[in-house]
Amino acid sequence: MRCGSRHTLIALLIVLAGVLIPALACAQSPTIPKLTMELAAGQADPQEVSTLLEILFLLTILSMAPAILLTMTSFTRIIIVFHFIRQAMGTQQMPPNQILAGLAIFMTMVIMMPVGKAINNTALQPYMNEQINFTEALDRAQIPIREFMFKHTREKDLSIFYSITKEDRPQTKEDVNTLMLTAAYSISELKTGFTIGFLIYIPFLILDMVVASILLAMGMMMLPPVMISLPFKILLFILIDGWNLLVGSLVNTFQ
C-alpha cells in the first residue's frame, strides 16, 4: 500500500509540473498590447463635421443636466422649502432626503411641463423633422425657458452680475445674456425659498414657545420642550393636511 501511494504521489507531482511549468513560462514573457495613433490629413465632409459637433454638444448638455435641473427650473425653491418644513417640525431625517428629492423632481416636471411642451413643439420636433438646423433649434429652445426665468428673476439680482462683469446694461430682455439670467434666477430662487421657509417656521416656532412656557410654569425645566411639542406639531400638520397645502401653495407660486 505504501509503495502504491508513493507511485501515485509521484505521478501526481509530474502532472502538476507539466501543467505549471508552461504557465510560468508564459507568465515570464507576457504579451504587451501595442497601441498606435496616426494623425494624417483627411478630406472630411463639412456636413459630417457639423453632425459630430452637434453630437459632442448634446453629450455636453447631458453631462450638465443635473446642474441645469438645479439652476434653471423650479427645483431649487421646492427642495429648500421641503428642508425648512422638516427642520421646523423637528422630525430630523423624516422624510428622508431621497424622498424629498424625488418628490421635488416630480413636482419640477409638473411645473415645467408647459415649458417642455413649448420647447418640443417649437424646437425639437422641427429639428427632428429636418425643418430647421441645429443652431436655430437651440435659439428657439431658449425662448420658453428664458421667459420662465424672467418671470421669477428680480431685476436687482440681474443687475449685480452686470456690475461684477462690468458689461453694458441690456436695453431689452432679448439683450440679456442667458448665463447672466441663469445666475440671477438662481439667487432669486434662493431668496424666495428662504422667505417661504421663514413663513412656514413661524407656526411651529409659536407652538414650541407655548410648550416651553407650560413646562416652565409646571417646573419641568429638565424636560426638553422639543420632545413634548413634536407630537403636537405632527398632529397639527396632519389635521391641516399639510402636504397637500404645501405642495399646492408651492405650485401656485409659479403660476
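The exposed residues E155 and K156 (exposed: over 50% relative accessible area, 1.4 Å probe, protein chains only) lie on the face of α8 that is turned away from its buried side. The model is predicted: local features need pLDDT of at least 70, side-chain atom pairs count only at pLDDT 80 or more, and totals for chains, interfaces and linings use all residues. Residues are numbered from 1 along each chain as its sequence is written, and side-chain values use heavy atoms, with hydrogens and water left out.

**Exercise 1.** Determine which residues of α8 are buried and where they pack.

*Solution.* Step 1: D157, L158, F161 and Y162 are the buried residues of α8 (buried: under 20% relative accessible area; helices: DSSP runs of H or I, at least four residues, numbered from the N terminus). Step 2: They lie on the same side of α8, because their arc around the axis, taken from the directions from the helix axis to the C-beta atoms, is only 140 degrees. Step 3: These buried residues pack against α9.

**Exercise 2.** Describe the largest nonpolar core.

*Solution.* Step 1: This core (buried Ala, Val, Leu, Ile, Met, Phe, Trp, Tyr and Cys residues joined through side-chain atoms within 4.5 Å) has 36 residues, and F82 and L250 have the most contacts inside it. Step 2: Its largest share, 10 residues, comes from α4. Step 3: Beyond its neighbours within four places in sequence, L250 is in contact (heavy atoms within 4.5 Å) with I78, V81, F82, M107 and I196.

Methods:
Helices (H or I, at least four residues) and strands (E, at least two) are DSSP runs, numbered from the N terminus.
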